[in-house]
Amino acid sequence: MSTSLVLDGPLARLRLYLGEMYPVPQRLPMAAVISVSLATVLARLQGLEVQRVSTTTLLGTWAVFAFLLVLRLMDELKDVEVDRALFPERPLPSGRVRESDLTGALVVVATLFVGAHAGAGPALGTATLVLGYAVLMFHWFFVPERMRPHLPLTLATHTPVIPLLLLHLVTLFTSASGLGARDVPWPAVLVLVGSCWAGFFAWEIARKIRAPEEETAYVTYSHLLGPRGAVMLAASAQTLSVGLGLWLWARHGLSPAFAILAGAGSLIALGGHLRFLRAPGPGTSRLRPFAEVQIFGLLLGGVLA
């Protein structure tokens, strides 16, 4: 096989796609932080020995990494027409990656996501359930004509996939400890999941906020709610996220590092919001990194809890 054929093959195109749209050096460590954070806080809540590195947290890391890649690939395929019109430079609409490459990768990653849980007891069922919900999202819940034009409806129906993934991890870690559903301190666990979910919800809002002069045909929350309204929605979700986290810290005696990191991340995000509101423009509208800092602070605090 010639060198040119190898470079032009599906694996090379997928490598290019991942480099631009799902960079593994960033996403894999973040998946590990999510897995270890949830496992650590859950162990604290259940009075168990903390095992930050184990076969279970490694499986949790793979579950998060693979499932978020499944969502990325599904989004790429279902939004291809929008991307061709508004983001022609991206790998798929530009022709540098083919739809068949992404479809094949989607099937492989989804199969490996579920297959990795084959010996994980009840977690196999929750993995299948989470993937099933993602399939419904991929098909716009079989009512695309109602879903596509309405961003708030899409937000309401798509964001529950994050708490479903987190509850899957709870099932994975709990069953690996030999415990059943009745042994889980559900009120505290639901607060933990809610805290993480609120942070990811804020991220979803923040990544679709633009300054007025940046608005295009692409539907954003700043277009629907105005820049101030969109920022207030993201900030409210982040406040809820850190508030729930601090309640867990105070109520269950978590490490001071948890409160410090969660609080610091929230303050940094708040600073980004205030900067944008004072001077909305292309130089201040990138609020996604600030939302990521808030989530990372909360999750890293969980690792050290």
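Biologist: In this predicted model, Asp101 and Arg13 are both described as buried; what makes a residue buried?

Modeller: The word buried is kept for residues with under 20% relative accessible area, and both Asp101 and Arg13 are placed in that class.

Biologist: Why is the contact of Asp101 and Arg13 called a salt bridge?

Modeller: A side-chain nitrogen of Arg has to lie within 4 Å of a carboxyl oxygen of Asp, and for the side chains of Asp101 and Arg13 the N to O distance is 2.6 Å, so the pair meets the definition. Because Asp101 belongs to helix α6 (residues 99–115) and Arg13 to helix α2 (residues 10–21), the pair ties together parts that are 88 residues apart in sequence.

Biologist: What makes Arg96 and Glu20 a salt bridge, and which parts of the chain does the pair link?

Modeller: The closest N and O atoms of Arg96 and Glu20 are 2.5 Å apart, against a limit of 4 Å. Arg96 stands in the loop between α5 (80–86) and α6, while Glu20 is in helix α2, so that distant parts of the chain, 76 residues apart, are linked.

Biologist: How do you know that Glu20 is partly exposed?

Modeller: Partly exposed lies between the buried limit of 20% and the exposed limit of 50%; because Glu20 has 41% relative accessibility, Glu20 counts as partly exposed, and Arg96, at 30%, counts as partly exposed too.

Biologist: Why are Glu292 and Arg288 said to be separated by about one helical turn?

Modeller: They are 4 residues apart in helix α14 (residues 288–303), and therefore about one helical turn separates them; their side chains meet in a salt bridge of 3.0 Å, N to O.

Definitions and conventions. Residues numbered from 1 in each chain as written. Predicted model: local features only at pLDDT ≥ 70, side-chain atom pairs only at ≥ 80, totals over all residues. Heavy atoms only, no water. Helix = DSSP H or I, 4+ residues; strand = E, 2+ residues; numbered from the N terminus. Buried < 20%, exposed > 50% of the residue type's maximum accessible area, 1.4 Å probe, protein only.
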